[in-house]
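Welcome! Have the model open in your viewer, and try each exercise before you read its solution.

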Amino acid sequence: MWCSKILVAYDGSAPSKQAIKTAREIALQNPHTEFVFVNVLRLYSSGAGAAGFDSVVIEDAAPLRQELEDAANSIPNPSKICLLKGTSPADLIVSCAKKEGCDLIIMGSRGQGGVKGFLGSVSYAVTKESPITVLIAKDGASQR
């Protein structure tokens, strides 16, 4: 297969669940492909009174982390999980893909924001900024 390491972005939405499904299909085709499952914990500026804010955000992300662990455990391929924290999800996803040496990003598109009728704002930004191929998984993709 032309890709050896794939970043899969997951946010719990139906399209990101489709991204996980697509990753599983690729995993079954090539057991040597490695996977990096990521979730972005979006931080918002909350002023000086934000002491302990990071720990609250991470606690709130526990269910998504469990879903990522389940996804990673559902494939036989080598995989890891990364929780990314910051204010720009697209930048974090692209940076993580570069840092991890990925040659493909799989993510969903909710279709909210961005260019109307095209992609969600995060997926649109990733496609514009990424130096590697981005595969957009859509909810309700054609059935086989």
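A residue counts as buried under 20% relative accessible area, as exposed over 50%, and as partly exposed in between (1.4 Å probe, protein chains only). By that scale, Lys80 is partly exposed, at 36% relative accessibility.

This is a predicted model, in which local features need pLDDT of at least 70 and side-chain atom pairs count only at pLDDT 80 or more, while totals for chains, interfaces and linings use all residues. Residues are numbered from 1 along each chain as its sequence is written, and side-chain values use heavy atoms, with hydrogens and water left out.

**Exercise 1. Work out the order of the strands in the sheet, and find which strands stand at its edges.**

Step 1: Helices (H or I, at least four residues) and strands (E, at least two) are DSSP runs numbered from the N terminus, and two strands pair if DSSP finds at least two bridges between them.

Step 2: Read off the order. Five strands make an open sheet, E3-E2-E1-E4-E5, with parallel pairing.

Step 3: Look at the ends. Strands E3 (79-86) and E5 (133-137) each have a single partner strand, so one side of each is left without a neighbour in the sheet. From one strand to the next, the twist averages 25° (axes are lines fitted to C-alpha atoms, for helices over the stretch in contact, and angles between N-to-C directions run from 0 to 180 degrees).

Step 4: Zoom in on one pair. Strand E4 (residues 104-108) runs parallel to E5 and is joined to it by five bridges; Gly108, for instance, has Ala137 as its bridge partner in E5.

Step 5: Helix H5 (residues 121-129) touches E4 and E5, at about 165° to the direction of E4.

**Exercise 2. Find the salt bridges and decide which of their residues join into one network.**

Step 1: Apply the rule: a side-chain nitrogen of Lys or Arg within 4 Å of a carboxyl oxygen of Asp or Glu. The count comes to three.

Step 2: Take Lys5 and Glu100, whose closest N and O atoms are 3.4 Å apart. Lys5 sits in strand E1 (residues 5-9) and Glu100 in helix H4 (residues 89-100), 95 residues away. Lys5 is buried at 15% relative accessible area, and Glu100 is buried at 13%.

Step 3: Glu100 also meets Lys80, at 2.9 Å from N to O. Since Glu100 lies in H4 and Lys80 in E3, this pair ties together parts 20 residues apart in sequence.

Step 4: Glu69 and Arg65 form a salt bridge at 3.2 Å, N to O. They are four residues apart in H3, about one helical turn. Glu69 is partly exposed at 26%, as is Arg65 at 32%.

**Exercise 3. Determine how the buried residues of H3 are arranged around its axis.**

Step 1: List them: Leu68, Ala71 and Ala72.

Step 2: Look down the axis. These buried residues fall within an arc of 95°, so they line one face of H3 (the arc is that of the directions from the helix axis to the C-beta atoms).

Step 3: Check both sides. The buried residues pack against helix H1 (14-29), E2 and E3, while Pro63 and Asn73 are exposed on the other side of H3.

How values were computed: Contact means heavy atoms within 4.5 Å.
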